[in-house]
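Please look over the sequence and the structure below before reading on. The paragraphs after them go through selected parts in turn.

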Amino acid sequence: MESYALLLAATLNAGTVLALASLGLLINEKVGIVNLGAEGMMLCAAIAGFATVVTTGSDTLGFMAGMAAGAGLAAIFGVLVIWLNTNQYATGLALTLFGTGFSAFVGTSFVQARIPERASFAIPGLADIPLVGPALFRHHPLVYVTVLLALALVWFMYRTRSGLIMRSVGESPESAHALGYPVRRIRLAAVVAGGALCGLAGAYISIIYTPLWVEGMVAGKGWIALALTTFATWRPARVLLGAYLFGGVTMLQFHLQGIGVDVPSQFLSMLPYLATILVLAIISRNPQWIRINMPASIGKPFYPGG
Amino acid sequence: MLKLEARPEPSKVWTYASPLLALTITVLIGTLMFAALGKDPVKGLQMFFWLPIQSGYAWGELLVKATPLLIIALGLAVCFRSNVWNIGAEGQYIIGAIFAAGVALLAEPGTGAWIVVPILLAGVLGGMLWAGVTALLRDRFHANEILVSLMLVYVAVQLLSYLVGGPWKDPMGFNFPQSKTFDAVTRIPRLFTGSRVSIGVFFALLGVVGLWVFLFRTRAGFSLQVGGLAPAAARYAGFSSRKALWTALLISGGAAGLAGALEVAGPIGQLTTSVPAGYGFAAIIVAYVGRLHPVGMVLSALLMSMFYIGGELAQSRLGLTKSLTGVFQGLLLFSLLACDTLVNYRLVMRKSRSK
Amino acid sequence: MTDLQKRTLLKAAALTAVAAAALVGCGKKEEPAPAPAPAPAPVVSAPEPAKPEPLKIGFAYVGPVGDGGWTFAHDNGRKALEAEFGDKIVTSFVENVPESADAERVIRDMAGQGNKLVFGTTFGYMEPMLKVAAEFPDVKFEHATGYKQAANMRTYDSRTYEGAYMAGVIAGAMTKSNTLGVVGSIPIPEVLRNINAFTLGAQSSNPKVKTKVVWVNGWFDPPKETEAATSLINGGADVLFQNTDSPAVLKTAEAKGKRAFGWDSDMTAYGPKAHLASAVINWGPYYIKTTKEVLDGSWKAGEGAHSWWGVKEGAIDLVSIAEDVPAETKARVEEVKKGLADGSFAIWKGPLKNNAGKDVLAKDAVADDKFLSGINFYVKGVEGKVPGSK
């Protein structure tokens, strides 16, 4: 039983990275922008965060550096895509390639660096409840922040005026523009905010999850986060659940190996990706349903001049 | 302040000048990076732009690298022009390599050289099959082909790892995760001795001609492009978007699979976990920088290969990290995307107005 | 602008670009081309009359020198060469060379650049090195962990299982849950030997231990190694061992209050509280011996030329043993070390059963190198089945 509690704990940890990145991408997509550069942003943020912690010893500064890196790259992407109307998919891919190479480049001097030992976190009192305690209450604060963030996003998007404006920009930028809203600035703000969240996710990987720097250490999580946004039909609460599900599948693969299940490990490694494909197929099947949930202007360029 | 103003029609000058400008920007930033690292920028630029074309052998290596990139990019061009975003060419490449290896492993020392044909065909088939999965999911379930094809890449990688670690493992290989080395007869014939260039180059050139004819001289190619540029108009004209989807994905999947077959039965000569080399992703840039045009892609494939080889040389001769290759490639694409704006817009000074 | 003007502009731009390229090219004409035709490049500078040309030695690494593990150990070996031979040699290295067709180009370039001794430090370079060796008959090639040789290429390896055994001795004494965890890389004989030796060593301290193994299917993947280590700890293991090349497993153990070992290099700094000992590989002695042979002309290769060095030759050691390991355990480790060094102690001595109950070594039989090279089973005490085995 204990091991299942621990498996749950590991799942929450793994899922936090995906959830943060995916929430960031969700904000992007809610205004109609698809940022395929998630992986690149996360990698640059990971090295920015790691390098900052190595030089300053402060986790907080590290996280801020990661967010800044993500936001900065997102801003470049945003200007290209929103003002110069470059193809969103190609620009995002360029960002991924660039980010992957640049992070490796900057990171070469940090490959052997170490950061001070991570403090162990626990919510006093709650952490000692048998089973539930170790599973749920012994995590890094960011795990809990992520949950709050998802809830805050739900509130922001569906209960505030600004959220409504944001969503309407995503549904029909032309109409929002006609109503006088600064569509391009709203989009840029969303892109930058989304980038900051992806950056936070990246920094979490290199500072907390695996406190080391290695080229390419994000290992595809950026792409899974992209899939996750669609999987969750662009709703923050579902993103959170989906992230934990995916994080769980990754940990499950090792758990199954450990208890001697005799399936080749590669098939277990395939699970998260197959699961994504399966879910994509299921939820996309009904084009009406997709149209209701998917922001209508996704991927399409916006020309204020008409 | 500077504003962008739409041109009445795309500028011909900038259509050609934009890639040159993008290259110049990339080179400039590269120079700054070299200087920042304390390395001689001229030497650095030489690694990337001069050494890879300096000798016959160097050109051979350039072609070895450029051939798979070009072949995959040719297929991708068909896709992208139809607005089908096949990001999973890497996965199709891997499956093509697997199918090709499957046939190659059946060869014995006595088999004739004709076996090269089924090997290549198997590769094409494998790639088409894998792309077909994406097509099916998009056709039947409207699943986004970007995500599906991408997820399939990771699935393909795991499948490869399973095969070389299990059923196809070389029994004489001390349990290492790799297949037997393919028999000599299965090797894709080389063009000249002393160089690793293979007949794959012919396939690439054939592909270039074929693509040009297909895109600019056939009805099918035309309908594909219209479907990509103006889907409503295409539907009105009766061009089937479903046919376009399948055509695009099967062609690009087959191309990627062919590239995989050529690599695995060519320079590599066995199936290992190192077969995936990122060509499927790099080919996306090749296609884009080449403006999805057959001739343009030949040039961009060579350029990208120069970046790859230059990165290696910069590493072994100057002690720079190989990741510079990715930086340059990403920079090039960024700059190109930015400069391409100038094709359809011009920069003008306008009095600042309220937004 | 008229069409004519536009075309002129374009032509001018193209010419400028070509001219610029030519200028850059003319800058350094004497730079040798990347690996010319089969004959090796001639030595660039005229040799000084009295001193011989320094021997150029090249190293190809599969990972980054900063990995703190496998490649780091090889690079330490290279540095030992520089310390030993001073200006009689010149070393260079290329890191992050993938085990693919690219390796061939890099190694060929090394040979073409005048390196007369080339070390390839991972199994995956085997075929590329064979190909290049055939084209450069007067360059000497050394391939780590491989099994194919040629007239000018031989192979070398280290008995990492000896370090694993000694680590096991400590693990068995330190575990409280009697469950050990191993993060495995790829299920090749080398890794299986290490898992088995680790378990045998642990059983010699504590017959009740059992070992759980989780495979990450790679050599160097810190995030996955972290997850694998977490999974083992969740499954009850309180002492971890690894065959992967990064410090991630040790760091995870540190974070969760468990113990672990360093692998390939001394990893104490990555997990000061968790670190029990590091099983290190010392490539220095072998590299020095090889270089001496090349310098004095006695280097020989050919079929079967394989060196497999261990504690005896100074290639394997267990270092930085933690303070809180009991004195008697430390003494036992020393005993084993001495026994391995003088040949009186055999790790693989029968009776030995595999974990399905079958006898693999009869009573008092001692395994030979052939047996060890083909190991494809887990010894009794290791849970699960070897992946990919029937």
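In what order do the six strands of the open sheet in chain C follow one another? The order is β7-β6-β8-β9-β10-β12, with mixed pairing. Helices (H or I, at least four residues) and strands (E, at least two) are DSSP runs, numbered from the N terminus. Two strands pair if DSSP finds at least two bridges between them. Strands of a sheet pair through backbone hydrogen bonds, either parallel or antiparallel.

The model is predicted: local features need pLDDT of at least 70 and side-chain atom pairs count only at pLDDT 80 or more, while totals for chains, interfaces and linings use all residues. Residues are numbered from 1 along each chain as its sequence is written, and chains are lettered from A and ligands numbered from 1 in the order in which they are written.

In the six-stranded sheet, β7 (210-215) and β12 (316-319) of chain C stand at the edges; each has a single partner strand, so one side of each is left without a neighbour in the sheet. On average, neighbouring strands of this sheet are turned by 20 degrees against each other, direction ignored (axes are lines fitted to C-alpha atoms, for helices over the stretch in contact, and angles run from 0 to 180 degrees between N-to-C directions). Within the sheet, strand β8 (residues 239-242) of chain C runs parallel to strand β9 (residues 259-264) of chain C, and two bridges join them. Opposite C:Leu240 stands C:Ala260 in β9(C).

Strand β3 (residues 117-120) of chain C is joined to strand β1 (residues 55-60) of chain C by four bridges, and the two run parallel. Strand β4 (residues 140-144) of chain C also pairs with β3(C) in the parallel sense, over four bridges. C:Leu117 in β3(C) stands opposite C:Ile57, and C:Leu117 has C:Lys140 in β4(C) as a bridge partner. C:Leu117 and C:Phe119 point one way from β3(C), C:Val118 and C:Gly120 point the other way, and all are buried. A residue is buried if 20 or more other C-beta atoms lie within 10 Å of its own, exposed if 12 or fewer, and partly exposed in between, with C-beta atoms placed from the backbone.

Next comes a helix. Helix α9 (residues 284-296) of chain C has 13 residues and reaches 18 Å from its first C-alpha to its last, close to the 18 Å expected at 1.5 Å a residue (the expected span is 1.5 Å times one less than the number of residues). Its buried residues are C:Tyr286, C:Tyr287, C:Thr290 and C:Thr291. They cover an arc of only 130 degrees around the axis, which puts them on the same side of α9(C); the arc is that of the directions from the helix axis to the C-beta atoms. Just after α9(C), C:Gly297 takes a positive phi of about 85 degrees.

As a whole, chain C has 11 helices and 14 strands, and 52% of its 390 residues count as buried. Chain C averages a pLDDT of 82, and 86% of the residues score at least 70; pLDDT is the predictor's confidence in each residue, from 0 to 100. Over residues 1-48 of chain C the pLDDT is below 50. Where pLDDT is low, the predicted coordinates should not be read in detail. The model scores ipTM 0.79 and pTM 0.81.

Note on methods. Two residues are in contact if their C-beta atoms, placed from the backbone, lie within 7 Å.
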